[in-house]
Structures are given as C-alpha cells and as structure tokens.
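User: I have a protein model to study for class, and I would like to go through it step by step. Could we look at it together?

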Amino acid sequence: MDTRKWVWILLFICTFLKRAVTNDLSTIVWCTVSTAEQKKCADFSRAVNRTASLKVTLSCQQTTDKDKCMDLIDTGRADLLTLDPGEVYIAGRYNSLVPVVAEVYGSEETSGYYAVVVARESLDIRTLADLRGKRACFPGIGQMAGWVIPISVLIDKDIIEVIDCNNLIKTAASFFGPSCAPNSLIDKYNPTGDNPMHMCDLCAGDKSTRCSGSDPYANFDGAFNCFANGGDIAFLKHTTVDEMTSSQSYKGPHKNQLKLICPTGFTASVDSYKSCNWGYVPSHAVVTTSATHPERKYLYQRFLTQAASKFGNTWNDAGRRWPDNSNPDAADSSFKLFGYSEKYEGRNLLFQDLTVNLIPLEENQQTFSGYLGSVEKTFQQKLQKCPIPSARLCVVSDQEMRKCQKMKTAFRARMLRPDLVCIKGFSQIKCMQLIRENAADLVVLDAGDIYRAGQNYNLMPIVAEQYDLEEPSYYVIAVARQPDKDTDLLYLKGKRSCHTGIGMAAGWVIPMSFLLSSERMRSYGCDSAHAAAEFFQKSCVPGALSREYTIGDTQYNTLCDLCHGSSSYFCSKSSHEPFFGHTGALRCLVEGGGEIAFVKHTTILENTAGKNQEWWSRPMMPDDFELLCRDGTRAAYDMHEQCNLGKVASNAIVTDRMKPKEYINAYIDLFLYAQQYYGSKYSEEFTFKMFVSEDDFSDLIFQDATQQLKIVPESKRDYRNYLGREFLLAMKIVDCTASSTLITASISNIALLFLVAIFCSNYFFIPR
C-alpha cells in the first residue's frame, strides 16, 4: 500500500474520531441532589431541548448527595455538577473531577465571596474562645466558606485543640455544642463509624435525609435557617443574610439584630464583611471527569456559556435581576437559569442564586489546585495540623522496608496523620530496643515477642490483628503430609521439624511447651534450643543461631539444617529466610525435607488450591495435609477447633507504655483509618493493600491472613493480660527466665518488708 493511501486512511480515522467526540455532546447528563433541584433541572432540560441553536439534549440524574454525584461522573454515568470550591478540592483529589466553568456573582460580577460567621447581637462574644460550647450551624462538611476556612483558622489560632489528626469532625465536636454539620456521618467523613452524634443534633431532616447533604439545614440557606431556629452561630457566605432576610416569608431575627464575629474575636455589623471576614473564597464551579477529551471540555464550556446567555439574567443598578429581553429564543425565556424562584421551593438550585454569568476556565485552571490556587494551600495545610510529629514504624527486613515505604506513600496520598516513618531494626529485639530508646515508636510483633517486649522493654500492645475468628487470636496446629502416616505428636523424636521462628508462639513456644510438659522431650533447664536440638533430627528454626534468643555460647546447627537462606541471612528470623514465618514453615514441610510443621490454623488454606501463586504451592490442595492431635490421632485440615495445640493472641502493634495517651491514640487512629482505605485484599490492582505481601514473600509487617485491625482495650494492654494465663505458663515452661521479673519483684517486696520490720522493731523496742 503506497503512502497516499495511508494518509487518506489516517485522515478518515481522525475525522471519524473528531465527529464521535462532537456527536457525543448531543446528550449531557446533569446530576442533581434534591427533588427541588431535579424539578428545576427538568425545566432546564425542556428549555435546552427546545432551543435548536444549542444542539444539545440535556437530561437529569437525581441522587441523594453530591458524593454520589461525584461517583456517577467519575464512572461516566453523569457529566456535569456544580460544586462549592471546597467540594471542588474533594472531587479533584478523590474522584478525578476537574472544573471547566466558574460562576460570576452580582452587579460587580465578582469571582468569589467572603466567608463570615454570623451571631445574634445579644450573644456575648469577647474572644474566639467564647465560641466553645456554642450551637453551631454549618452548610456542610468540606465546604470552603462554611467549614474549611473557619475550622482551619480556629485550629491555627489554637482555639480548637486537635483531638484526632485524621478526623476534623471529632476535633470540632470537642469544641462546639449541639450542632448541625451535614454529611458528618457519611462514610467519607466517618470511616470508623464513631463520629459524635451531637454534630447532627440541630439538623432537621427525616430518617432518610437527616444530617445528609439533603438535610433541610444543608448549604448556606439551610445553615441560616438552622441558626434562625435555635443555633447560636452560623458559618455562611457574606451574601446569605441579605438573601434570606429579604424574603417575604422570612420570620426570623431582623438583619439589624445580627452581627459578624471577626477572626480577631471582635464583632462588627453584618454589612462590614469586607473588614470582618475569615477569608475570600473562589466562586462555585461546574465540574466534569478529568478523562473528558479536551475538545469535549471546550464544547461543555460553549454550551454552558450559551445557556447562561439565553436563560440567564442581567443585573440592574438596584441589584434586582431582570430577564434578558434580547434572548432570541423567546419561546423559552420563561425559564430562568439563575436566581431564586418560589416555584422550586428551594434556594441555590443548580447554581447559586446570585450568579449572573458563567465563564470558561483556562486550561491551567482546570485542576482543583489550579482553580483554588493559594486558598487551597493556605487553609488545607492548616487543617492538616497534627500535634504528633510522626509514627516511626520499625521493620526487620529489606522486603518489609519496601512495603513500609509504599505504605507511607499511600498514607500520605490520603493525608493520614501523623506521618509514617520507616526505620529498619534488623531484628525484633533491636526494634524493641529502638522503641525503648525513643528512636522508634511502633513494631508489629508475634505473641512470643510481645512477651519479651513487655517483660524486658516495657512495651504494650495497642492494635491487634484479627483473622477469621471472632476475637484477635488463632489456633496453633501441627501439620504433616497426608501420605506420611508415620508422623504423630506422640512419637516425634528423630523427626525433621519446621518452625515459624525461635521464640514465636505457633512455631516454638506452644509446641515446645507441649512436648516438654508431657515429658516427650527432655528438658535442659532454661535451654529449650538445646532440648529441641537433641530431640529433632534436623529442623529449620529461623533465628536459632542468634544470640538474642539462645543461652550460652553453644550453637545448635541442626536447628538450621533444613533452612534455605543465603549468606548472612541463612536461618535469620526475617523474610530474608524463605522458611521463616507460617508460610515459610509450610514451605519447609513441602520442599525442605520436613516431616512436621508448627503453624497457625489459617496457613493451609492461605497456601493451597491456588491461593498462593508461588511455584512450590501451586499443585498443593488442602487435603494434601492433615492435623496432628494431642492424643496421637489425626484430623482433617479444617478441624483445627478440635485438633490443636492451643489458642494464642494474634500479632499486634506495640509501643512504649510510657508514651503520652494522645500519642498512643494518634497511633491507633492512624492504622484504623488507614485500613478503611487500604484494608481490602480485593481492591484495584494498583491500589496499596496493607494485608497483602509482595510476590514471593508472605506476612510482611502484617500477617496476610489479617482481615482487620482492632483496638486492644486498655484493660488488656498489659502484655500479661493480652497474652493470657495459658500462654504465660507455656512461656515459663519453654523459657524458665520468663518469670524472673515476678521472682525479682517478690524478692524485692520481701526485702522491703524485712527492712520495715527491722525499723519498726528498733523504733518500738529500743529503750529511750
């Protein structure tokens, strides 16, 4: 085919695509959020569809709130929506929506408005601190003038103390009394489901709309009505008071009975908004998805500016709006796109009532940051204020460090505070030391290491992993290959064993305590490693060569004979060793020559029937394994409740018990909020997943079996209460130094009593 034919083909394709983009505009879907707005949109649609010069068919899609509208536009089921500048920020950051057209207001054709705080003249306000406990009316969470600016100013001036670094509603609720803050209970702003209910006490909606974006007290007109009907203060734009009090049906306090509260704490008349305001806010904007073709965006802009010209209003010198008699489509001049109309029983529908025109935005303004400019940077930074500087998470391998860095980036993308910082500690013991020395704050530990952390380093668990049981715990099971009928728990001497790691609950403490207490295994005093080396023929016990976990100078190399790590990482208690952890112990059983593995009850199902894509586990099915029971019998792989070695508290995030309470609460909140965004194992492919490890590795930082994180109740934050009596007894059997702190305390108490007795005897019996 010659070059000329290729040129014609390319021209045809380009022409076709251009027509496809252009013709697609023939239908536009506008998203509405109330019955009143849907009614006005229906009239707008009829007017547009009857105006031949617009060459557009407009339809309306009603939802319950703007968040759902954002989702519809993001997924291509709607096209356009008008948003407050604060909502433009949210839509751009979380839904990839961009502004294309901005509103213009009033006779001066301004491109924004002032944020003001209104109160009754009789309210005694001398400083901003006097706002504490007041009944507050907000137009909606996230709105720029009615939420972002006033809350950010109060936080920046230290009037409001930050209670929760990731939840402004809880912070505001600690300061204000009963309020109406629409949307304060929706999932986006209430991810943990425990926002204070009193932030909705003043709202007026029914069961389906109360405290939502459709509440009668939502938006600026709703916030003013909330204020007029019982609120102490309202966060509004500077034109709201005039708009509401000029209505013939208005029966609230007269304009002269109201005042503005300035950010200095002083007050001023309602008309003094230019000198007594909390900030200047850009106008509302019409948004669409960022995936929209540039030519289609231009066509949206042309349609909206033409619609404003045909169905808009002009503003006369007296400040009243009149129809544009130059409208060439006289048949449709009865519909007015801007301004208040009693016909619709609502204000600011589709556009703000004071809008007089729509102007297209330049390309560099068609992002939330480009549109908001310095306003976004100034106030959003203030809202991110957190008294806790950082949360330093200690990890023990290169693989965990990589995951931690990804987690840090993901947390930052959601603006979660405090900032996550990743620190490499090389071993669990080293991480404990770093926390004690205040060089780190947090580490995720197994139950066995939680014991050492509590006993030796004064650490405590604060957040626990939860697997598939009702409480944060798991069963310890002994596993053998189904065809190997010669292996059972009563005759393990001389067998080859696979363990999760030395000192770990499922792979060491529980099975060793069973074998020692039943006298199947000979005890060598406190040296359980010596006992295991004499009992098993060969093993893989990651960490068995570390001085941190062994007694004396003798190394028992047979405890690492089955391990497969390389170089200095051979037999290390970290993901550098392929046979480390629960999945590693099962892998040791499958391909490492082991005859028995000690793991948690979820391990078999995690790594069989295609759940684990690594080559060693691909052919394995759950019934290729059987459980070994205490009485020497066997059971099916899923009979762990009847056939197990014991039940153990799950892995947990630990920190220094001497940390201030506000620090501990901030650490807890950080991970509880994070799991709302990143806790799913089935989210989109490129989304960070907290409870999924990278390929070829398992249980990095968190166990892959984790379904959610749960707060450890304060009554269980002492490591002994968290681990339980049975586990403490198991630790004493395996490591006889485990009770040394209790013994030392007892000796100290006896010594103290002895000294007191001597003092008392001398005091009472020495002659004077």
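User: To start, which residues touch the most other members of the largest nonpolar core?
Analyst: They are Phe176, Ile233, Phe411, Phe671, Met690 and Phe702, in a core of 122 residues. A nonpolar core is a set of buried Ala, Val, Leu, Ile, Met, Phe, Trp, Tyr and Cys residues joined through side-chain atoms within 4.5 Å. Buried means under 20% relative accessible area, exposed means over 50%, and partly exposed lies in between (1.4 Å probe, protein chains only). This is a predicted model, in which local features need pLDDT of at least 70 and side-chain atom pairs count only at pLDDT 80 or more, while totals for chains, interfaces and linings use all residues. Residues are numbered from 1 along each chain as its sequence is written, and side-chain values use heavy atoms, with hydrogens and water left out.

User: Which helix gives the most to this core?
Analyst: Helix 19, residues 661–678, gives the most, with 10 residues. Helices (H or I, at least four residues) and strands (E, at least two) are DSSP runs, numbered from the N terminus. There is also a second, separate core of 89 residues, which includes Leu459, Ala505, Trp508 and Cys563.

User: What is Phe702 in contact with?
Analyst: Leaving aside neighbours within four places in sequence, Phe702 is in contact with Met407, Val444, Glu465, Ile653, Phe671, Met690, Phe691 and Leu709. Contact means heavy atoms within 4.5 Å.

User: Changing topic: what pLDDT does the protein average?
Analyst: The average is 89, and 90% of the residues score at least 70. pLDDT is the predictor's confidence in each residue, from 0 to 100. Residues 14–24 stay under 50, and the model has seven contacts for them beyond four places in sequence. The pLDDT is also below 50 over residues 740–768, a stretch with seven contacts beyond near neighbours in sequence.

User: How many bridges join strand 4 to strand 11?
Analyst: Five bridges join strand 4 (residues 97–105) to strand 11 (residues 285–289). In one of these pairings, Pro99 has Val287 of strand 11 as its bridge partner.

User: Is Asp67 buried or exposed?
Analyst: Asp67 counts as buried, at 14% relative accessibility. The side chains of Asp67 and Lys188 are joined by a polar contact of 2.5 Å. A polar contact is a pair of N or O atoms within 3.5 Å; within protein, one must be able to donate a hydrogen and the other to accept it, and residues adjacent in sequence count only if both atoms are side-chain atoms. Asp65 caps the N-terminal end of helix 3, with a side-chain oxygen 3.1 Å from the backbone nitrogen of Asp67.

User: What comes just after helix 3?
Analyst: Gly76 does, and it takes a positive phi of about 80 degrees. Leu80 is in the loop between helix 3 and strand 3, and Leu80 is buried, with a relative accessible area of 0%. Its C-alpha atom is separated by 6.6 Å from that of Val29, 51 residues apart along the chain.

User: And where is Cys31?
Analyst: Cys31 is in strand 1 and counts as buried at 0% relative accessibility. Cys31 and Gln61 are 30 residues apart in sequence and 4.8 Å apart in space, C-alpha to C-alpha.

User: Lastly, how many residues of strand 15 are buried?
Analyst: Six of the six residues of strand 15 (residues 390–395) are buried. Ser390, Arg392 and Cys394 point one way, while Ala391, Leu393 and Val395 point the other way. Strand 15 pairs with strand 16 (residues 419–424) in the parallel sense over six bridges.

Technical notes. Pairing = 2+ DSSP bridges.
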